[in-house]
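Subject: Structure handover and notes

Dear colleague,

I am passing on the structure below, followed by my notes on what was found in it. Please read the notes with the coordinates open.

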Amino acid sequence: MSRNEEKAQSMLNRFLRMRGDEDKVEKRRPHLASLCESLVEAEKWRYQIVRETSKKISDIQNSSLGEFRIRDLNDEINKLVREKHHWEKRIIELGGPNFIATAPRVFDADGREPAGTGLYKYYGEAKNLPGVKELLEKPELPVTKRSKFDLHKAVDADYYGYRDEEDGVLVEIEADVEKKLIEEAVAQWKEEQKLKYNVKLSTTSTSTTIKKGINNNNNNNNNNNNNSNQMEIDIDESSEKTAAEKKKEELQKRYG
């Protein structure tokens, strides 16, 4: 192999090696979420932001980092949180899941939500920085006790309801309510009258049936009494006949 061929071969190898190195370079996250047109890539960038945010939140819990480093970390965390929100909106636009609605609440190492003013929050040791603690502490408002004179100054005719019927709105509402109450009362009265009428009918029918039953029982008893009297008469007549026949037989035997 000649010298020129060796040079060409070495140059080709270097070119191919450079191409391979370029392919190995990791693709950087787009600065704007609107530039991404792939749902898979958008979810990948969001997951990358979540990992970076969680790592920085764990780092900011260290109080030995110094004031300036803690401030920088807190700024970076807030920036990542805003960027994550943009990517979540872009995922919804591309037809992906709604991570905003299902996002878990963020807590610090003490189990408390990050405090802050507006959209800017303070995480970890950033809450103990000079000036931040005073900013987050809500001043207690002094409770002023009102005197009786101050209370009576607020009392007027509206307090007692003297001007409630001037606009006519309350009168119309009361008229509608009164009409409904009257209709309900009339309907309830009709139902009660129907129930009373049905009860009377049932009682009269039962009384007539009871009277009929009593009359039938009386008739049956009278018939039974008549039959028993007739039987007693028949028994008496038969006994008299047998007694007469016996006397007749005795006389025949005696004088026969």
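Predicted model: local features only at pLDDT ≥ 70, side-chain atom pairs only at ≥ 80, totals over all residues.

Residues are numbered from 1 along each chain as its sequence is written, and side-chain values use heavy atoms, with hydrogens and water left out.

E83 sits in helix α3, helices (H or I, at least four residues) and strands (E, at least two) being DSSP runs numbered from the N terminus. With a relative accessible area of 16%, E83 is buried; the classes are buried under 20%, exposed over 50% and partly exposed in between, with a 1.4 Å probe and protein chains only. E83 also belongs to a network of salt bridges that links it with R29 and E52, a salt bridge being a side-chain nitrogen of Lys or Arg within 4 Å of a carboxyl oxygen of Asp or Glu. Between E52 and R29 the closest N and O atoms are 3.5 Å apart, and this pair links distant parts of the chain, since E52 is in helix α2 and R29 in the loop between α1 (3–24) and α2, 23 residues apart. E52 counts as partly exposed at 29% relative accessibility, and R29 is likewise partly exposed, at 23%.

As for the geometry of α3 (residues 67–93), its 27 residues should span 39 Å at 1.5 Å a residue, and the end C-alpha atoms are 40 Å apart, which agrees; the expected span is 1.5 Å times one less than the number of residues. The buried residues of this helix pack against α2 (39–59) and β2 (120–122), and just after the helix G95 takes a positive phi of about 90 degrees.

The largest nonpolar core has 10 residues, including I57, I70, L73, I77, Y122 and V132, a core being a set of buried Ala, Val, Leu, Ile, Met, Phe, Trp, Tyr and Cys residues joined through side-chain atoms within 4.5 Å. To this core α3 gives the most, with three residues. Apart from it lies another core, of eight residues, among them A33, W45, L80 and W87.

Turning to the chain as a whole, it has seven helices and two strands, which run α-α-α-β-β-α-α-α-α from the N terminus on. Buried residues make up 12% of its 256 residues, and residues 24 or more positions apart account for 54% of the contacts with a separation of 6 or more.

Best regards

Key. Contact = heavy atoms within 4.5 Å.
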